[in-house]
Amino acid sequence: MSTPAATVPRHVAIIMDGNGRWAQRRGLPRAAGHRAGVKAVKAVVRHSVQRGVRTVTLFAFSSENWRRPSEEVGVLMQLFIEALQREIGDLVANDIRLRFIGDRSGLSERLRESMLEAEQRTAGNTRLDINVAVSYGGRWDILSAARALASEVQQGLRTPESIDEAALAGRLSLGDQPEPDLFIRTGGDHRISNFLLWNLAYTELWFSDLLWPDFDEKAYDEAIDDYSSRERRFGLTSSQVRGAS
Ligand code: IPE
Ligand code: IPE
Ligand code: MG
């Protein structure tokens with residue numbers, strides 16, 4: 001059964017979980033799982049373009065992942081730099097825009113430079129938007145937005161009463177992008193782990209038992225096709241929704 005284009009999710013947000021377990025099951029170091037995870041990212045990016053998804057937000061490293069052993073954190077940071085340098089040419093050639101969300105203050109100078117360069121080189125691209133969440137936490141995001149608004153009030157630029165949902169949403173990391181339609185988490189756990197807390201309010205959730213390196217086009221299609229069969233009601237009754245369409 002083919003999916004009507006109108007019901008393909010416009011924005012997909014993914015928690016890429018299970019790299020460590022994937023490696024451990026093969027008797028390999030966790031780092032091998034993270035490397036295999038990069039391949040799965042490439043497959044999902046390619047398939048997003050094919051299916052007509054316009055935006056993909058990938059959770060690569062959470063604000064809580066800093067608490068992992070420093071060796072693993074180091075491997076991940078090194079992997080981000082290498083993957084960026086290796087893939088940037090392909091992103092440019094395929095008209096893909098890459099941006100990062102998260103608290104960059106704890107990242108190395110070298111990684112920050114690579115991130116900035118990738119953002120600048122892909123800034124004019126329009127085929128697919130990729131947001132990679134690095135050192136990101138949903139609470140950090142809301143807190144930063146609240147601070148920005150508090151500072152505007154302090155400077156006399158706005159009143160507390162003028163702060164509404166749109167004002168706060170607009171100051172979040174993804175403030176200029178549509179809300180995620182579909183959320184996918186691999187690795188078998190059913191939790192948000194401090195990902196996009198505000199933005200996921202009405203996102204359709206899909207959990208896969210596959211470990212991230214095993215998540216392929218077929219698994220992605222399954223999630224997209226299930227999304228396409230759902231009725232999103234946003235608090236309305238079913239007949240209201242059908243009447244409106
Ligand atoms: C996800 O895989 C990648 C990151 C969190 C950086 P994990 O490293 O969490 O893998 P598991 O959950 O331990 O298998
Ligand atoms: C969530 O995975 C974060 C990323 C995939 C980057 P975790 O493995 O850190 O999540 P928890 O600790 O199991 O909730
Ligand atoms: Mg995990």
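The shell around ligand 2 holds five nonpolar, three polar and four charged residues (Ala, Val, Leu, Ile, Met, Phe, Trp, Tyr, Cys and Pro count as nonpolar, Asp, Glu, Lys and Arg as charged, and the others, Gly among them, as polar). This is a predicted model: local features need pLDDT of at least 70, side-chain atom pairs count only at pLDDT 80 or more, and totals for chains, interfaces and linings use all residues. Residues are numbered from 1 along each chain as its sequence is written, and side-chain values use heavy atoms, with hydrogens and water left out.

**Ligand 2**
- The residues around ligand 2 include I15, M16, F59 and R185 (a residue is near if one of its heavy atoms lies within 4 Å).
- Strand 2 (residues 55-62) gives the largest share of this shell, four residues (strands are DSSP E runs of at least two residues, helices H or I runs of at least four, numbered from the N terminus).
- Taken alone, ligand 2 exposes 390 Å², and the protein buries 79% of that (Shrake-Rupley method, 1.4 Å probe).

**Ligand 1**
- Ligand 1 has 13 residues around it, and D17, G20, R21, R30 and R68 come nearest.
- Helix 1 gives the most to this shell, three residues.
- By class, the shell around ligand 1 has three nonpolar, five polar and five charged residues.
- A polar side-chain atom of R30 lies 2.9 Å from an oxygen atom of ligand 1; for R68 the distance is 2.7 Å.
- Taken alone, ligand 1 exposes 380 Å², of which the protein buries 87%.

How values were computed. Chains lettered and ligands numbered in written order. Polar contact = N/O pair within 3.5 Å; in protein donor to acceptor, adjacent residues only side chain to side chain.
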